[in-house]
Amino acid sequence: MFKSFLSVSGFTLLSRLTGFLRDVMLSGMVGAGLLGDALAVALRLPNHFRAIFGEGAFNAAYVPTYLRVYEQSDVWSARRFANQIFTLLLISQVILLALGWLFMPGFVHLMAPGFAADPEKFSLAVSLTRITFPYLFCVTLVTMHSATLNAHGKFAVAAFAPVLMNVVTMAFLGVSFLFPNAAYAAAAGVTVSGLAQLALLMLSARRSRLMEKIVRPHFGADVRAFFRMFGPAVIGSSGLQIAMFADTIIGSLLQTGGMSSIYYAERLYQLPIGLVGVAAGTVLLPAMSRYFAREDWEGAFTAQNRTIAMTAALTAPFVVAFMVIPEVIVGALFQHGAFHAGDTQATAAVLRAYGSGLLAMVAINALRSGFQAMGDTKTPMLVSLGALAINLLLKILLYKPLGAVGIALATSANAWINLGALIFLGLRRYLFQPDETLKKVLLAAATAGVVLTNIALWLQAPFAALAGRLGSFGSLIALACFGLTGLIVYGGAMVGGCKALGVDPERMGLGRLFRRKLSSASP
């Protein structure tokens with residue numbers, strides 16, 4: 001399982017790194033003004049629909065059902081089930097795409113009601129969103145192929161696919177002179193990248209003999225079971241996405257630039273969410289589903305505990321970075337061209353607010369997997385609804401006095417409430433059983449995080465001086481040195497803490513991986 005986790009995390013890291021390069025180009029060519037605000041909405045609308053109805057909810061309902069049919073029946077029954085779901089998904093996406101094109105002004109008004117006060121911004125947002133909306137059709141089918149491949153332990157291609165979005169979008173930005181402006185180029189690049197991702201996943205599924213086929217829809221027992229899980233899963237798996245959806249709606253009421261600050265801050269804190277949180281949930285859900293189908297409770301809880309431990313250990317340095325040095329990060333990555341010093345300060349403040357809830361955002365996937373693997377999508381739904389109600393209330397109360405920072409703080413509060421409720425209910429229902437190794441790793445991560453915080457505060461001024469002496473690329477070079485130093489400090493403190501507490505690779509479930517590396521390195 002951990003080899004798959006590292007595979008998904010590795011390709012996700014590549015995706016996030018190329019995503020940063022894309023956002024660096026966007027910040028310089030589009031900026032944080034009218035074009036940036038309109039493009040942020042155009043990118044959010046298909047991505048929100050994908051995350052809510054595609055990746056989160058679909059995987060939560062499809063993977064456990066598919067694996068139950070596969071484990072308890074046979075491969076042919078599983079393939080028939082997959083064909084039925086693929087056909088119904090294809091039909092739904094065609095309908096949604098048609099509705100989106102026809103009623104796009106209404107969708108944009110729903111997403112960004114504040115844009116109505118600026119006709120130029122609203123018109124631009126509608127035009128750009130019409131261009132990006134077909135991306136939803138492509139990436140939802142990508143999600144279907146990815147889920148089937150994941151269920152069979154094939155994670156690499158699905159994890160690599162998002163890299164194509166960034167590469168293709170950058171290519172289109174490179175020829176932006178062919179378009180009315182850079183925002184149109186980026187929007188077109190996103191849609192073309194969806195076609196590229198779909199082609200890649202279809203090829204991979206065909207090579208693995210897992211390619212779904214269009215069949216006559218038939219609502220058999222397994223399909224009905226899927227839809228009974230899918231409805232609650234739409235809400236249960238999308239609490240964070242709905243909160244971000246609300247960020248867009250309320251953010252449109254802010255002055256020009258507020259929406260862009262939220263967008264760029266999200267791009268940064270989504271790195272650990274994708275790198276760690278989504279990777280953990282992607283690998284853990286099919287693993288726990290398989291364990292539960294075999295009634296191997298100990299194996300399921302061990303997998304969950306080790307995944308949460310690794311999640312916390314990998315996320316802690318990001319929390320420190322976003323809370324302690326957000327100005328350094330945002331300035332080095334985005335402050336050039338149309339992105340000015342004032343934009344850096346505004347975006348950094350939003351990033352610090354999102355950072356306060358980062359650990360909860362990342363850990364939610366692993367806690368929710370315990371419920372979903374048992375076919376319980378209603379409990380995460382109810383938890384998500386409760387946290388979301390509090391989140392919306394906080395957004396309404398905070399966005400006027402604190403602006404974009406208040407919106408981000410409310411999203412972080414939503415994540416902690418959601419996580420706390422899942423832990424409480426998981427303990428009561430025996431769907432989460434923390435062991436001693438998990439507790440020790442959490443203690444080691446917390447201690448290493450404190451050490452890293454002090455080092456970051458101490459080194460901030462010297463690295464700022466270094467950036468000034470290195471010239472035009474000084475900020476990026478200084479940030480890279482800063483990050484490398486922090487990695488060494490945190491890694492050393494983490495390893496030392498785990499050893500002091502008696503946690504070794506075998507107890508973390510990494511013994512086989514370490515032995516394999518050692519054996520491959522030996523002559």
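Predicted model: local features only at pLDDT ≥ 70, side-chain atom pairs only at ≥ 80, totals over all residues.
Which residues line the second largest cavity? Residues are numbered from 1 along each chain as its sequence is written, and side-chain values use heavy atoms, with hydrogens and water left out.

**View 1. Lining of the second largest cavity.** L26, V30, G31, G36, L39, A40, S260, Y263 and Y264 line this cavity (a set of points on a 1 Å grid over the protein atoms alone where a 1.4 Å probe fits but cannot get out; lining residues have an atom within 4 Å of a point). Two or more lining residues come from each of α2 (34–72) and α11 (258–293). By class, the lining has 6 nonpolar, 3 polar and no charged residues, with Gly counted as polar and Tyr as nonpolar.

**View 2. The aromatic pair Y263 and Y264.** The rings are edge-to-face, 5.3 Å centre to centre with 75° between the planes (pairs have centres within 6.5 Å; planes under 30 degrees apart are stacked, over 60 edge-to-face, the rest tilted). Y263 is buried at 8% relative accessibility, and Y264 is buried at 3% (buried: under 20% relative accessible area, 1.4 Å probe, protein chains only).

**View 3. The aromatic pair F318 and F322.** This pair is tilted, at 6.3 Å centre to centre and 50° between the planes. Both residues lie in helix α12 (residues 297–324), 4 residues apart. F322 is buried, with a relative accessible area of 4%.

Conventions: Phe/Tyr/Trp six-rings, centres within 6.5 Å; stacked < 30°, edge-to-face > 60°. Buried < 20%, exposed > 50% of the residue type's maximum accessible area, 1.4 Å probe, protein only. 1 Å grid on protein atoms, 1.4 Å probe; cavity = no way out; pocket = protein on both sides within 12 Å on 5 of 7 lines; lining within 4 Å.
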